[in-house]
Amino acid sequence: MTVPRITAVRLGGSPAMPLLVLGPSLGTSARSLWSRCAAGLTDRFEVLAWDLPGHGSNVGSAEPFTMAELAAGVLEMVDDMLAERDASTSTFTYAGDSVGGAVGLQLLLDAPARIDSAVLMSTGARIGEPDAWRTRAASVRASGTPSMIEGSAQRWFAPRFLEREPEVGATLLRALQDADDEGYALVCEALADFDVRERLGEIRPRVLAAAGLLDVPTPPADLAAIASGVRNGRLVVLDGVAHLPPAEQPAEVARLIRDHADAGQPVAAPTTVAGVRDAGMAVRREVLGDAHVDRATAAITDLTADFQHFITQYAWGSVWTRPGLDRRSRSLITLTALVARGHHEELAMHVRAARTNGLTNDEIKELLLQTAIYCGVPDANTAYRIAQRMLDELDHPAS
């Protein structure tokens, strides 16, 4: 077994805080990818990133390694750091982009008891095709990492990002140019052999899969497969983002990491009516989106005000906040009930909510097919038409 040496990069936060470990994308360094995002996390975590062999502060590896061995190297680095600070806990929160996300999946499989929760971005249970990775490895060995700059600039960033954020883009592309040729090639070869698609169901810790809507190497469908494949997953799709969410939308990614980590913490149930209503409003916004809730709030009249308070308090504050079912399951139940009762306006809204809660198009299709048997073909026929319209809007937004 060849466990590569992994270099830790401290990005701030107190050792007294919970540990957050951040993984990089191929060709980037920990600092170039994560520094701006980490700045929004250091009041909640001690933030520790890591560099791939031959990238950033890591001197590289002369021996081939697998993704499992790379993950073992990350775990050794974390253990060394925890021993150094004499930590009372050995668990940590993990977030990773691209190959960093693949390492996260491997850690969730090999050391599930160590991971409190994980945010996996722009990644996949298999990324690309094996032959393409081996071809890229050979190309880098022959021509060097600078030969990857043009293609990476096209893959990494959303259109016009480099115009809006030239310094951020230049820093990332400089890290690619400075990466060791052999280290880059060895990571490519590890990715060529990485495929855990059949093992996703083994993963029990909570996983947030975050996709860039404009990401070509790892499109939203790859992240949806992770969200639906693990035991407790959820999907978020980031508009206007390609392959490097921590660099493209650092504040939003920081918020996602914080919220996902905090969602696993025990929270005392509200003891007042106002508290229940506030908790309901928070869940309502998370599930339906701020834009929808803002429209509904703006439309409140003297006639409807009490009703709006009622549904926020009882539906969202007393039911959707309960820990007995996850939000994916609640979306499945809600869609079925809406089809059965023919509540078509609410059905369109909850198809959107179901996607927010991590359901894929295929899972929604299967649910509607089942309703055809148990609710009736006419109801299912109408539901399919409404769902198709809403999914088309979500998958192909108007420019």
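This is a short tour of a predicted model, stop by stop. Residues are numbered from 1 along each chain as its sequence is written. Local features need pLDDT of at least 70, side-chain atom pairs count only at pLDDT 80 or more, totals for chains, interfaces and linings use all residues, and side-chain values use heavy atoms, with hydrogens and water left out.

Colour the chain by pLDDT (the predictor's confidence in each residue, from 0 to 100). The average is 92, and 97% of the residues score at least 70.

Select 361-374, helix α17. Helices (H or I, at least four residues) are DSSP runs, numbered from the N terminus.

Show the side chains of Ile364, Leu367, Leu368, Thr371 and Ala372, the buried residues of α17. Seen down the axis, they fall within an arc of 150°, so they line one face of the helix; the arc is that of the directions from the helix axis to the C-beta atoms. Buried means under 20% relative accessible area, exposed over 50%, partly exposed in between (1.4 Å probe, protein chains only). On the face turned away, select the exposed Asp362, Gln370, Ile373 and Tyr374.

Move to helix α14 (residues 305-319), where phenylalanine 310 and tyrosine 314 lie four residues apart, about one turn of the helix. Phenylalanine 310 is partly exposed at 45%, and tyrosine 314 is partly exposed at 44%.

Terms used
Helix = DSSP H or I, 4+ residues; strand = E, 2+ residues; numbered from the N terminus. Expected span 1.5 Å × (residues − 1).
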